[in-house]
Amino acid sequence: MMRILVIGSTGRTGVHVLTQGVGRGHRITAFARRPEHLPGGVALAGVHRGDAHDPAAVRDAVRGQDAVIAAVGGSGIASTLITAMHEEGVRRLVMTSSRSVPATRPRLAVGLAWILLRRAYADLARAEGMLQVSGLDWSIARGTRLTDKPPAGRVHIDFEDNATGGAPQLSRTDYAMALLDIAEDPAMIGKAPGICGP
C-alpha cells in the first residue's frame, strides 16, 4: 500500500489512475482544479482543490505522500512539483510525457507531429530535462497516441528512443495501469519507458 497523490485527477487518464489505484489498495489523494468533476463512488483518502502551478497548493497536497503520479505533464507543473517534493521530503514522482518527444522515426510521422504540436512537445522535453536533474526518484512514462477504447489489460514497454514494437494506439485505461505499475516498481526509478498498446 502506498499513499499516492494524483495530479490531473479529473482528466481522461487521471480518473483511471484514481479508480485503479484505489482498487489496488493504495491510499489515493486527488488533486484537481474542479474536484466536483471527480468520479463518484471512489473511496479516496483525500481531495485537494488547486492549480498544479500553485506552489502552496501543491506543497499542501504533497505533504505526507509516498509518491506522486502526474497524469498531466509540462515544465510548469514539473517545476512546481520538484520544489514542493523537495520541501516536503517526498521523492517518488511519475510524470506522463509523449513517445514523440525523443522519437526520430518514422521520419514523416514524427516530423508532422512536431510541426503540429511543436510547442507542446518542446515543453514536455523541458519537463523531462528538469526531472532528470531534479534529484528525485523520477520516472517518465512516454505514452503513444491515447484513445478511449476498451483496455487490453496489458501494454508494450521498451526503452528505445523509437518504438521497437507494440501498437501505435494505447487506451487510457491501460496507460493508467502502466503509470501505477511504474510507481510501484523501484526498478523504474531514473527510467523513461516508452509505453505502447500491446
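Which residues does E88 touch, not counting residues up to four places away in sequence?

First, some ground rules. You're looking at a predicted model, where local features need pLDDT of at least 70, side-chain atom pairs count only at pLDDT 80 or more, and totals for chains, interfaces and linings use all residues. Residues are numbered from 1 along each chain as its sequence is written, and side-chain values use heavy atoms, with hydrogens and water left out.

**Stop 1: the whole chain.** Show everything as a cartoon and you'll find 5 helices and 10 strands (helices are DSSP runs of H or I with at least four residues, strands runs of E with at least two, numbered from the N terminus). The radius of gyration is 16 Å, close to the 16 Å that the globule rule gives for 198 residues, so the chain is as compact as a globular protein of that length (the radius is taken over C-alpha atoms, and the rule is 2.2 Å times the number of residues to the power 0.38). Along its principal axes, the C-alpha trace spans about 45 × 35 × 30 Å. Of the 198 residues, 47% are buried (buried is under 20% relative accessible area, exposed over 50%, partly exposed in between, with a 1.4 Å probe and protein chains only).

**Stop 2: helix 2.** Select residues 55-62, then pick out A57, V58, A61 and V62, which are buried. They cover an arc of only 130° around the axis, which puts them on the same side of helix 2 (the arc is that of the directions from the helix axis to the C-beta atoms).

**Stop 3: E88.** Stay with helix 3, where E88 is found. To settle the opening question, E88 touches R59, V62 and R63 (contact means heavy atoms within 4.5 Å). Is E88 buried or partly exposed? With a relative accessible area of 23%, E88 is partly exposed. Next, draw a line to T173: E88 and T173 are 85 residues apart in sequence and 30 Å apart in space, C-alpha to C-alpha.

**Stop 4: S100.** Move on to the loop between strand 5 (92-98) and helix 4 (107-132), where S100 has its place. S100 counts as buried, at 18% relative accessibility.
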